[in-house]
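Reader: I would like to go through this model in short steps. Please show it, and then I will ask.

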Amino acid sequence: MGTFLDAQISQNISISGWISIPLSSTPALFATLGLTTGGAGPNLRVHFTATIAISSLVTAAVPITIEIYRGVGPERVLVYSATETSPVIGALGVASRRIITVTGADYRPPNPGSLVYQAFISIPGGIVLIPTRTGPESLNAAAYSD
């Protein structure tokens with residue numbers, strides 16, 4: 001049985017439609033959180049879930065990549081990456097919307113006593129038909145150990 005250590009949430013925006021940020025091929029940060037992991041046993045693990053809402057005014061199959069990193073800056077480590085390529089359904093000029101949720105884990109990360117996680121979103125290849133981040137956006141994470 002695991003021991004709960006800490007849980008945090010980074011809620012960038014809570015309400016649908018309160019932002020309008022075009023996606024780009026450059027990964028954009030949408031969440032950062034820190035977990036306290038002092039006193040963890042040898043089998044530290046972090047479970048996380050990220051959610052982000054995307055809107056578009058055209059019908060197109062646009063690949064969207066969500067990446068979760070442990071750490072910040074040039075030393076950060078990619079621990080999860082998912083690319084979804086499902087069509088944005090809608091007629092030209094009619095807004096369509098999709099909510100993307102990913103779930104993953106970072107098993108046995110190094111334990112300096114605290115860990116930072118960041119979530120990024122991008123569209124690989126710089127697609128011409130650019131979807132827009134419209135909210136909500138969040139990252140939840142919880143740390144456990146044996």
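Reader: Leaving aside neighbours within four places in sequence, which residues is Glu-84 in contact with?

Author: This is a predicted model. Glu-84 lies in strand β7, residues 77-84. Neighbours within four places in sequence are left aside. The contacts of Glu-84 are then Val-62, Pro-63, Ile-64, Arg-98 and Ile-100.

Reader: Which side chain makes a polar contact with the side chain of Glu-84?

Author: Arg-98 is among the residues in contact with Glu-84. The two side chains make a polar contact at 2.6 Å. The partner is Arg-98.

Reader: Is Glu-84 buried, partly exposed or exposed?

Author: Buried needs under 20% relative accessible area, and exposed needs over 50%. Glu-84 has 28%.

Reader: How far apart in space are Glu-84 and Val-62, C-alpha to C-alpha?

Author: Val-62 is one of the contacts of Glu-84. In sequence the pair is 22 residues apart. In space, C-alpha to C-alpha, the separation is 8.1 Å.

Reader: Which strands stand at the edges of the open sheet of 4 strands?

Author: The order is β3-β10-β6-β7, with antiparallel pairing. An edge strand here has a single partner, so one of its sides is left without a neighbour in the sheet. From one strand to the next, the twist averages 15 degrees. The edge strands are β3 and β7.

Reader: How many bridges join β6 to β7?

Author: The two strands run antiparallel. Ile-66 has its bridge partner in β7, namely Ala-82. The hairpin of β6 and β7 has 6 residues between the strands, and Gly-71 takes a positive phi near 95 degrees there. The number of bridges joining β6 to β7 is 7.

Definitions and conventions. Residues numbered from 1 in each chain as written. Predicted model: local features only at pLDDT ≥ 70, side-chain atom pairs only at ≥ 80, totals over all residues. Heavy atoms only, no water. Buried < 20%, exposed > 50% of the residue type's maximum accessible area, 1.4 Å probe, protein only. Contact = heavy atoms within 4.5 Å. Polar contact = N/O pair within 3.5 Å; in protein donor to acceptor, adjacent residues only side chain to side chain. Pairing = 2+ DSSP bridges. Axes fitted to C-alpha atoms, helices over the stretch in contact; angles between N-to-C directions.
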